[in-house]
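Work through these exercises with the model open beside you. Try each task before reading its solution.

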Amino acid sequence: MNGKISRQGRQVLAVLSERRVHLTAEEIVRLLPDVGQATVYRSLEQLERLGQIRKLNLGKRSAYYEYARENHMHFVCDRCHEVIDVACDVTGVAREAGALFGHRVDRVEVTAGGLCAACMAKEKNAQQ
Ligand SMILES: [Zn+2]
Ligand SMILES: [Zn+2]
């Protein structure tokens with residue numbers, strides 16, 4: 001396995017680490033017009049393998065990628081499909097629980113669903 005990150009891989013990583021948001025592969029392709037689509041997809045695979053980024057499968061839409069960092073869960077709005085980070089010590093809790101049974105926890109994905117604050121406000125306004 002090649003452990004070195006390519007120049008294009010670093011560009012992809014920079015997009016995800018600077019923006020700190022959740023992006024689909026298609027969105028990353030659009031943000032990096034100089035890097036070809038196939039290269040972006042290959043870089044995403046490589047970065048995921050190296051643990052630099054995480055791939056999130058949230059519902060029916062395309063996979064999202066984000067800069068790997070611990071201790072947060074995701075909230076996905078049922079209406080506008082916005083993905084929002086919620087600070088929460090899920091990694092520590094899962095590690096402790098796993099260790100009790102002799103497992104090593106490497107990844108934790110917690111997704112909550114419902115209605116986001118913006119959609120709730122819209123709904124309230126519509127009722128008035
Ligand atoms: Zn919403
Ligand atoms: Zn996130």
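**Exercise 1. Find the hairpin formed by strand 4 and strand 5, and say which residue in the turn has a positive phi.**

Solution. Strand 4 and strand 5 make a hairpin, with five residues between them. In the turn, His81 has a positive phi of about 60 degrees. Strands here are DSSP runs of E, at least two residues long, and helices are runs of H or I of at least four, both numbered from the N terminus. This is a predicted model: local features need pLDDT of at least 70, side-chain atom pairs count only at pLDDT 80 or more, and totals for chains, interfaces and linings use all residues. Residues are numbered from 1 along each chain as its sequence is written, while chains are lettered from A and ligands numbered from 1 in the order in which they are written.

Now the pairing. Val76 stands opposite Val83 of strand 5.

**Exercise 2. Work out the strand order of the sheet that holds strand 4.**

Solution. Strand 4 (residues 72–77) also pairs with strand 6, in the parallel sense, over four bridges. Check two bridge partners in strand 6: Ala112 for Phe75, and Gly114 for Cys77. The order is therefore 5-4-6, an open sheet of three strands with mixed pairing. Strand 5 (83–87) and strand 6 (111–114) are the edges; each has a single partner strand, so one side of each lacks a neighbour in the sheet. From one strand to the next, the twist averages 30 degrees.

**Exercise 3. Locate the largest nonpolar core.**

Solution. Eleven residues form this core, among them Val12, Leu16, Leu44, Ile53 and Tyr64. A core joins buried Ala, Val, Leu, Ile, Met, Phe, Trp, Tyr and Cys residues through C-beta atoms within 7 Å; buried means 20 or more other C-beta atoms within 10 Å, with C-beta atoms placed from the backbone. Helix 1, helix 3 (37–49) and strand 3 each give two or more residues.

How values were computed: Two strands pair if DSSP finds at least two bridges between them. Axes are lines fitted to C-alpha atoms, for helices over the stretch in contact, and angles run from 0 to 180 degrees between N-to-C directions. A residue is buried if 20 or more other C-beta atoms lie within 10 Å of its own, exposed if 12 or fewer, and partly exposed in between; C-beta atoms are placed from the backbone.
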